[in-house]
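Visitor: Please take me through one part of this structure in detail. I would like a close look at a single residue and what surrounds it.

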Amino acid sequence: MAYEINENSTLNLEFIRERRLEKGLTLQDMAESFGFKTATNYQKYEQGKYSFDANMLPVLSEKLDCKIENFFASKVAKTETK
């Protein structure tokens, strides 16, 4: 399956954090999903200090029970309509 990710798409870290909290998952739960020893390692990804690799997205999607495209927010200019 292909996803259209371009220069107008950014990873929505706020969505990822909120979804994790909705699912009742701790930072340690997420860290263990990726094979990290500590919650702090995962937290750095969620805070944007480290970038999620493409191969991490399917794991993230499965753990958070959502689609990969949900992780991306397009930068769209808001326009006023009359």
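Guide: In this predicted model, E46 has a relative accessibility of 8% and counts as buried, because buried means under 20%. E46 is placed in helix α3, which covers residues 39-46. Once neighbours within four places in sequence are left aside, E46 is in contact with L13, I16, R17, R20, L27 and F52. One of these contacts is polar: the side chain of E46 meets the side chain of R20 at 2.9 Å.

R20 sits in helix α1, a helix made of residues 13-22. With 6% relative accessibility, R20 also falls under the 20% limit and therefore counts as buried. A polar atom of the R20 side chain lies 3.0 Å from the backbone oxygen of L25. Not counting residues up to four places away in sequence, R20 touches L25, T26, L27, M30, Y42, E46 and L64.

E46 and R20 both belong to the place where two helices meet. In general, two packed helices are described by the angle between their axes and the distance between the axes. Here the axes of α1 and α3 come within 9 Å and cross at roughly 135°. On the α1 side, the contact is made by L13, I16, R17 and R20, while α3 provides Y42, Y45 and E46. Sorted by class, this contact has four nonpolar residues, no polar ones and three charged ones.

T26, which R20 touches, is found in the loop between α1 and α2. T26 has a relative accessible area of 39%, so it is partly exposed, the class between 20% and 50%. The C-alpha atom of T26 is separated by 8.2 Å from that of A39, although the two residues are 13 apart along the chain.

In soluble globular proteins, nonpolar side chains tend to be buried together. The largest nonpolar core in this model has 18 residues, and Y42, F52, L60, L64 and F71 are the members that touch the most others. Helices α2 (27-33), α3 (39-46) and α4 (57-64) each supply at least two residues of this core. F52 is a contact of E46, and Y42 and L64 are contacts of R20. L60, leaving out residues up to four places away in sequence, touches I16, M30, F34, Y42, F52 and F71.

S51 and L11 are 40 residues apart along the chain, and their C-alpha atoms are separated by 9.1 Å.

Last, the chain as a whole. There are four helices and two strands, following the pattern β-α-α-α-α-β along the sequence. Of the 82 residues in the chain, 28% are buried; E46 and R20 are among the buried ones. Among contacts between residues at least 6 apart in sequence, 58% join residues at least 24 apart.

Conventions. Residues are numbered from 1 along each chain as its sequence is written. This is a predicted model: local features need pLDDT of at least 70, side-chain atom pairs count only at pLDDT 80 or more; totals for chains, interfaces and linings use all residues. Side-chain values use heavy atoms; hydrogens and water are left out. A nonpolar core is a set of buried Ala, Val, Leu, Ile, Met, Phe, Trp, Tyr and Cys residues joined through side-chain atoms within 4.5 Å. Buried means under 20% relative accessible area, exposed over 50%, partly exposed in between (1.4 Å probe, protein chains only). Contact means heavy atoms within 4.5 Å. Axes are lines fitted to C-alpha atoms, for helices over the stretch in contact, and angles run from 0 to 180 degrees between N-to-C directions. Ala, Val, Leu, Ile, Met, Phe, Trp, Tyr, Cys and Pro count as nonpolar, Asp, Glu, Lys and Arg as charged, and the others, Gly among them, as polar. A polar contact is a pair of N or O atoms within 3.5 Å; within protein, one must be able to donate a hydrogen and the other to accept it, and residues adjacent in sequence count only if both atoms are side-chain atoms.
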